[in-house]
Amino acid sequence: MLNGLWTLRLRQIPWGIVLVIMALGCFGLVVLFSAAGGHLDPWASRQGIRFGVLLVGMLVLAQVPSEFWLRYAYVLYGAVLLGLVGVEVLGAVRGGGQRWLDLGIIQLQPSEFMKLAIILALARFYHFVPRAFATSLTGLWPPLLMIAVPGALVMLQPDLGTALSIGFGGVAVMFLAGVRIWLFLSAGGAILAALPVAWTMLHDYQRKRVLIFMDPASDPLGAGYHITQSKIAIGSGGLTGKGFLEGTQSHLDYLPELHTDFVFATMAEEWGVLGGLAIIAGFGIILAWAVGVALRTPTQFGRLAAMGLACTLFFYLAINMMMVMGLAPVVGIPLPLISFGGSAMMTVLILLGIVMGIARAGRTERL
């Protein structure tokens with residue numbers, strides 16, 4: 001009985017990492033509880049239910065072998081790409097953006113799933129093509145097209161943060177696959193040369209965000225209000241914070257988006273630098289584990305997929321924290337497992353479930 005199949009599979013789950021994920025998710029619920037003035041509604045209770053359901057889903061996904069993702073990576077990529085086209089045709093408009101597909105029982109944001117699909121599709125591409133072709137100039141175009149098409153569709157929604165995340169994850173897999181550095185430098189030069197054209201294609205509010213990033217004091221009560229209040233909240237927290245339920249910037253409604261994109265500032269005001277370090281330490285443990293999985297996995301697909309997914313998680317974390325501290329433009333990227341929202345949490349827990357499946361496959365092949 002104790003040596004049964006499911007018992008062995010349960011033993012292969014990295015329970016230490018699961019506990020870290022649960023600790024971060026529960027800390028997020030505490031922050032949302034405080035952001036609502038000490039009430040479970042409207043955020044903490046709904047987020048808690050989502051977290052519990054999606055956590056179970058993550059453990060189920062951890063049982064899916066990496067061969068499944070290898071076999072169906074292109075199918076998944078094509079399905080999500082079709083979903084992005086569907087958003088353009090039938091998508092629901094909310095908050096000035098056309099990003100959701102209404103399926104009747106649930107509203108999905110396909111762009112969130114593209115962050116994972118692009119990693120799996122490119123890992124499959126580099127798993128099968130010869131290294132000489134993959135690192136040649138000719139071999140550069142297929143993966144660039146695979147990144148550019150969904151990136152352009154997401155920009156039409158418009159969603160600059162998600163488009164950047166898709167691009168970052170895809171380019172990270174290309175770099176890890178061994179694409180020559182001079183090709184990256186050439187592409188970087190081309191991007192710099194195209195910046196004036198890209199600037200004209202941005203929406204007015206996106207251009208304003210970039211300008212405010214460079215000079216937040218130019219419009220402290222208008223476009224710079226978010227980042228100014230965020231920095232005040234973080235700075236007023238000091239080393240240990242003002243205390244649970246004692247945040248003034250958040251409770252007096254000075255801090256906008258206190259439960260989504262700027263939830264780190266809400267947390268830092270009450271828990272201080274120590275709270276921020278606790279979140280960074282938790283994600284540091286998860287990222288170190290994911291990188292270790294990639295290094296130990298014997299297949300090219302497993303290595304690229306695990307490392308690419310780790311890079312995507314790092315992008316989430318780094319950009320959100322830099323954004324709320326004024327070190328990056330405000331691009332609407334939530335803090336993983338902490339910010340209120342179902343799509344982003346679903347993406348992160350699916351990501352971690354896939355990495356757990358790759359880790360289990362690696363252990364099985366070494367036995």
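User: What gives the most to the nonpolar patch, and with how many residues?

Analyst: Helix 9 does, with three residues. Bear in mind that this is a predicted model.

User: Which residues form the nonpolar patch on the surface?

Analyst: L137, W141, L144, F175, L176, I181, W182 and L185 form it. Together they have about 860 Å² of accessible area. At least two residues each come from helix 7 (141–155), helix 8 (160–176) and helix 9 (181–201).

User: Why is L185 called exposed?

Analyst: L185 is found in helix 9. Its relative accessibility is 63%. Exposed means over 50%, so L185 counts as exposed.

User: Why is P334 called buried?

Analyst: The cut-off for buried is under 20% relative accessible area. P334 is at 15%, so it counts as buried.

User: Where does P334 lie, and what does P334 touch?

Analyst: P334 lies in the loop between helix 14 (300–324) and helix 15 (342–366). Leaving out residues up to four places away in sequence, P334 touches D261, Y316, N320, S339 and A344. P334 and L317 are 17 residues apart in sequence, with 8.2 Å between their C-alpha atoms.

User: Why does L337 count as buried?

Analyst: L337 has 3% relative accessibility. The limit is under 20%, so L337 counts as buried. L337 lies in the loop between helix 14 and helix 15.

User: What is said of the phi of L337?

Analyst: L337 has a positive phi of about 70°, although L337 is not a glycine.

User: Which other residue has a positive phi although it is not a glycine, and why is E257 called partly exposed?

Analyst: E257 has a positive phi of about 50° and is not a glycine. E257 sits in the loop between helix 12 (248–251) and helix 13 (263–296). Its relative accessibility is 39%. Buried needs under 20% and exposed needs over 50%. E257 falls in between, so it counts as partly exposed.

User: Why is Q109 called buried?

Analyst: Q109 has a relative accessible area of 8%. That is under 20%, so Q109 is buried. Its place is the loop between strand 3 (107–108) and helix 5 (110–128). Apart from residues up to four places away in sequence, Q109 touches R99, W100, D159 and S343.

User: Which residues touch the most other members of the largest nonpolar core?

Analyst: I21 and L352 do, in a core of 103 residues. The largest share of this core, 15 residues, comes from helix 14. In soluble globular proteins, nonpolar side chains tend to be buried together.

User: What does I21 touch?

Analyst: With residues up to four places away in sequence not counted, I21 touches F51, L55, M58, I286, L337, L349, L352 and M356. L337, with its positive phi, is one of these contacts.

User: Which residues are joined by a cis peptide bond, and what is omega?

Analyst: D41 and P42 are joined by one, with omega about 10°. Q157 and P158 are joined by another, with omega about -10°.

User: Where are P42 and P158 found?

Analyst: P42 is in the loop between helix 2 (15–35) and helix 3 (44–61). P158 is in the loop between helix 7 and helix 8.

Technical notes: Residues are numbered from 1 along each chain as its sequence is written. This is a predicted model: local features need pLDDT of at least 70, side-chain atom pairs count only at pLDDT 80 or more; totals for chains, interfaces and linings use all residues. Side-chain values use heavy atoms; hydrogens and water are left out. Helices (H or I, at least four residues) and strands (E, at least two) are DSSP runs, numbered from the N terminus. Buried means under 20% relative accessible area, exposed over 50%, partly exposed in between (1.4 Å probe, protein chains only). Contact means heavy atoms within 4.5 Å. A nonpolar core is a set of buried Ala, Val, Leu, Ile, Met, Phe, Trp, Tyr and Cys residues joined through side-chain atoms within 4.5 Å. Patches are made of residues with over 30% relative accessible area and no salt bridge: like charges are joined within 9 Å, nonpolar side chains (Val, Leu, Ile, Met, Phe, Trp, Tyr) within 5 Å. Accessible areas come from the Shrake-Rupley method with a 1.4 Å probe; for residues, only the protein chains shown count as cover. A salt bridge is a side-chain nitrogen of Lys or Arg within 4 Å of a carboxyl oxygen of Asp or Glu.
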